[in-house]
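I set down here what I looked up in this structure, entry by entry.

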Amino acid sequence: VLFLQIVHILNMTSAKIVSFLLHPEESLHSLQNRIEFETGISTGNQELLLETGICLDPRKPASQCVIDGVRGWDSYMVYLFDKSKTVYDGPFASRSLSDCVNYIVQDSKIQLPIPQLRKVWAEAVHYVIGLKEDYSRLFQGQRAAMLSLLRYNANLIKMKNNMVSASQQLKAKLEFFHQSIRLDLERYSDQMAYGISSEKMLKAWKEMEEKASQCAQAEDIGYLDEQIMALHTEIVELQKSPYARRQGEVMESLEQRAIDLYKQLKTRPPDHAYSDSTDMVKIIVQTVQSQDRVLKELFGHLSKLLGCKQKIIDLLPEIEVALNNIKEADNSVMQMQGKRQREIWHLLKIACTQSSSRSLSSSLEGTASTPAATWLPQSSSGNTAPHPLSSLAAPEDGENFSDVIQENVNYLELFSSILQEVRQEQNCMMVS
């Protein structure tokens, strides 16, 4: 018997307890099927919470519902909520009276012998204590719901902070991108008259600017931020509410009065005296009325808690979508920035190549015009005429011709080195 595992489930929708004997290595899904059969709540809508507000893990066995050891096992509860409902309004009937207690409630002035009255009042005290314990269990279920709500709220705040941080980063990148592309467009327009122009590239840059303006829509999370802040304020108010604290002081006082009344009756000698149950019945009626009042307040507060929790559950997917939109916009801006920088460096490469070519051409033309006259000897009359072979091989002419060849070779080497440097710079930029 000591090794048997029994789980007590408090159904918060009906305020009733159902108990199950767990089979060895039984899965949580199997237990949920049995709960569905007993309560009518489908497995998909069941939310099983521990006292700490932690939801049961479906990957673990059903024995996670049971505490280790013998002490306290019969009072340990798992709280069942119906996720399809956010309003718990009853009606919640009080525990039923025993026959003998119901007998004195029906007629409190009936006279009973003291020995028999002791038994009836003992059951009456037990009934009053039971009403108080029923409220205590339901209050503990409300507390578990509050702790679960706070866990959801903590997750909501974490996701909200991530969303706000991502939105601010996107805003900063968009501002930098807009300033950069405006400056590039201004500088590009300034150099078009004497530099390099490309209508295709200019059109692409303007399209980038328009696309960046569209990406700015992703950073607009004001509507979500307002909902989260309003919900956070509502949760704080629920925490401050007096209904968030135990309201059983009146019931505890009535419980003590019933115990004291029973003790007074117990001290009376068991003679042939008779007595009525007026005082005890008053305590019973007051306790039932007090329980009705505090349960109404408790379940009203619980409904507000569950309503807030459902709002958080509905908000989480919207925040996830907003985060994905921000990430996509961020990636798009970075891709456009990288593409524009690659195009700028491509323009720089073309400009450097053309400048080197023009410089080399002007140098070659200047050096070629100087020794041209030395290649063609002039006659005395000033008219040029082809010389015979015997007249071409002058020593100084041979020296000038070799100098021109050497100078052309030097310029060719300079041009090759310039092209090599341009290629190296281009490769370095592509690697980085």
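Entry 1: I looked up R95 and found a relative accessible area of 30%, so R95 counts as partly exposed. The accessible areas come from the Shrake-Rupley method with a 1.4 Å probe, and for residues only the protein chains shown count as cover.

The model is predicted: local features need pLDDT of at least 70 and side-chain atom pairs count only at pLDDT 80 or more, whereas totals for chains, interfaces and linings use all residues. Residues are numbered from 1 along each chain as its sequence is written, and side-chain values use heavy atoms, with hydrogens and water left out.

Which residue meets the side chain of R95 in a salt bridge? I found D134, at 2.9 Å from N to O. I required a side-chain nitrogen of Lys or Arg within 4 Å of a carboxyl oxygen of Asp or Glu. The pair links distant parts of the chain, 39 residues apart: R95 is in the loop between β4 (77-82) and α2 (99-106), and D134 is in helix α3 (residues 114-191). I took helices (H or I, at least four residues) and strands (E, at least two) as DSSP runs, numbered from the N terminus. D134 has a relative accessible area of 18% and is therefore buried.

I then noted that D134 also forms a salt bridge with R137, the closest N and O atoms being 3.2 Å apart. R137 and D134 both lie in helix α3, three residues apart, about one turn of the helix. R137 is partly exposed, at 25% relative accessible area. I recorded R95, D134 and R137 as linked in a network of salt bridges.

**Entry 2: other salt bridges.** By the salt-bridge rule I counted 12. One further bridge I looked up joins the side chains of E26 and R34, at 2.9 Å from N to O. E26 is buried with a relative accessible area of 6%, whereas R34 is partly exposed at 23%.

**Entry 3: positive phi.** I looked up two residues other than glycine with positive phi. A15 has a phi of about 60° and sits in the loop between β1 (5-11) and β2 (16-22). Its relative accessible area is 27%, so A15 counts as partly exposed. E25 has a phi near 60° and lies in the loop between β2 and α1 (28-39). E25 is exposed, with a relative accessible area of 75%.

**Entry 4: positive surface patch.** I found K200, K211, K339 and R342 gathered in a patch of positive charge on the surface. The elements that give two or more residues to this patch are α4 (199-215) and α7 (278-369). Patches are made of residues with over 30% relative accessible area and no salt bridge; like charges are joined within 9 Å, and nonpolar side chains (Val, Leu, Ile, Met, Phe, Trp, Tyr) within 5 Å. Lys and Arg count as positive and Asp and Glu as negative, while His and the chain ends are not counted. The place of a charge is NZ of Lys, CZ of Arg, CG of Asp or CD of Glu. K200 lies in helix α4 and is exposed, at 74% relative accessible area.

How values were computed. Buried means under 20% relative accessible area, exposed over 50%, partly exposed in between (1.4 Å probe, protein chains only).
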